[in-house]
Amino acid sequence: MKKIYEINCDQKGSFIERPNRFIAKVKLDNGSLETVHVHDSGRIRELLFEGNRVNIKSASNPNRKTKWDMISALSDDGEEILINSAYHRYISENIIRDPEISPFGKLDSLRAEVKYGKSRIDYMLTKNGENIWVEVKGVSLSVDKMAMFPDAPSTRAQKHLKELMELLEKGDKAAVLLLIFRKSDCFRPKWETDPVFSALFYEAMERGVEIYPIQLELKDGNINYKGLLPIEERNERKPV
């Protein structure tokens with residue numbers, strides 16, 4: 001286990017409702033009802049349900065309409081789960097820059113948010129004269145210790161996999177980092193939710209896109225690196 005990032009929350013409370021995907025109502029332990037920004041486009045219904053315990057943090061911009069950010073929520077077994085994708089950039093970059101835990105080892109350079117066509121890829125790394133394009137996805141859903149993504153149909157995630165396969169064809173390398181924030185034994189794409197992404201996921205693997213499911217934990221305000229998880233093999237009985 002290795003600490004890679006720190007997130008300090010300001011208040012605890014109980015989730016009330018999510019009027020839309022960007023905001024939630026939270027009743028703080030001091031009794032006040034607050035509007036909180038939700039920086040996660042997923043449904044995360046297994047975490048954001050009425051009465052569930054959540055942690056929030058005051059917004060860094062005092063002039064913003066919503067004064068609070070949603071940070072984490074408790075799972076049904078009491079694990080604190082990060083549900084704020086704004087932190088994915090910092091967490092993933094700290095992993096990639098640390099040759100002790102990075103799946104890419106020591107790099108020559110790292111660039112973030114690199115334009116490719118009409119998109120921006122999270123990272124373009126260089127190592128030994130080769131380019132490595134990397135997309136990052138956060139995973140908060142895990143059922144019976146099986147981490148899954150996505151929890152809602154995602155045309156954006158589908159597009160990213162197609163672009164990574166295109167980059168492979170051009171002679172570069174490509175990879176996906178899956179930041180898994182709930183304790184799990186294995187990862188698989190959630191074909192029940194997005195069969196198109198699931199099919200593309202296995203196609204990308206077969207073509208040579210490197211997939212790295214990284215087990216993380218949020219404990220006492222620290223994001224800890226726990227290691228890599230295996231990927232479930234394609235099951236032909238599933239509609240992928």
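Buried means under 20% relative accessible area. Keep that cut-off in mind for this tour of a predicted model.

**The whole chain**

Start with everything in view. The protein has three helices and 16 strands. Its radius of gyration is 18 Å, close to the 18 Å that the globule rule gives for 240 residues, so the protein is as compact as a globular protein of that length. Turn the model along its principal axes: the C-alpha atoms fill a box of roughly 55 × 45 × 35 Å. Of the 240 residues, 52% count as buried.

**A buried pair**

Select lysine 137 and glutamate 135. Their side chains form a salt bridge, at 3.7 Å from N to O. Are these two buried or exposed? Lysine 137 has 9% relative accessibility, which is under 20%, so lysine 137 counts as buried. Glutamate 135 is buried too, with a relative accessible area of 2%.

**A pair across the sequence**

Next, select glutamate 206 and arginine 234. A salt bridge joins their side chains, with 3.3 Å from N to O. Glutamate 206 sits in helix H3 (residues 195-207), while arginine 234 is in the segment after strand S16 (222-228), so this pair ties together parts that are 28 residues apart in sequence. Check the surface here. Glutamate 206 is exposed, at 60% relative accessible area. Arginine 234 is partly exposed, at 26%.

**A pair within one helix**

Go to helix H1, residues 88-97. Show the side chains of arginine 97 and glutamate 93. They meet in a salt bridge of 2.8 Å, N to O. Why are they separated by about one helical turn? Because arginine 97 and glutamate 93 are four residues apart in helix H1. Glutamate 93 is buried, with a relative accessible area of 16%.

**A network**

Now select Lys2, Asp98 and Glu100. A network of salt bridges links these three residues. How many salt bridges does the count come to? The total is 17 salt bridges.

**The lysine patch**

Switch to a surface view and colour by charge. Select Lys145, Lys183, Lys219 and Lys226. These lysines gather in a patch of positive charge on the surface. Zoom in on one of them, lysine 183. Lysine 183 lies in the loop between strand S13 (173-180) and strand S14 (186-189). With 53% relative accessibility, lysine 183 counts as exposed.

**Backbone exceptions**

Return to the backbone for the last stops. Most residues other than glycine have a negative phi, and most peptide bonds are trans. The next selections depart from that pattern.

Select phenylalanine 149 and proline 150. A cis peptide bond joins them, and omega is about -5°. Where is proline 150? Proline 150 is in the loop between strand S12 (146-149) and helix H2 (155-169).

Move to asparagine 128. Its phi is near 50°, a positive value in a residue other than glycine. Asparagine 128 is in the loop between strand S9 (119-127) and strand S10 (130-139). At 66% relative accessibility, asparagine 128 counts as exposed.

Finish at aspartate 144. Here phi is positive, about 55°, although aspartate 144 is not a glycine. Which loop holds aspartate 144? Aspartate 144 lies in the loop between strand S11 (141-143) and S12. Its relative accessibility is 76%, so aspartate 144 counts as exposed.

Note on methods:
Residues numbered from 1 in each chain as written. Predicted model: local features only at pLDDT ≥ 70, side-chain atom pairs only at ≥ 80, totals over all residues. Heavy atoms only, no water. Patch = residues over 30% accessible without salt bridge, like charges linked within 9 Å, V, L, I, M, F, W, Y side chains within 5 Å. Areas by Shrake-Rupley, 256 points an atom, 1.4 Å probe, with all protein chains shown as cover. Salt bridge = Lys/Arg side-chain N within 4 Å of Asp/Glu carboxyl O. Lys, Arg positive; Asp, Glu negative; His and termini not counted. Charge placed at Lys NZ, Arg CZ, Asp CG, Glu CD. Helix = DSSP H or I, 4+ residues; strand = E, 2+ residues; numbered from the N terminus. Buried < 20%, exposed > 50% of the residue type's maximum accessible area, 1.4 Å probe, protein only. Rg over C-alpha atoms; globule rule 2.2 N^0.38 Å.
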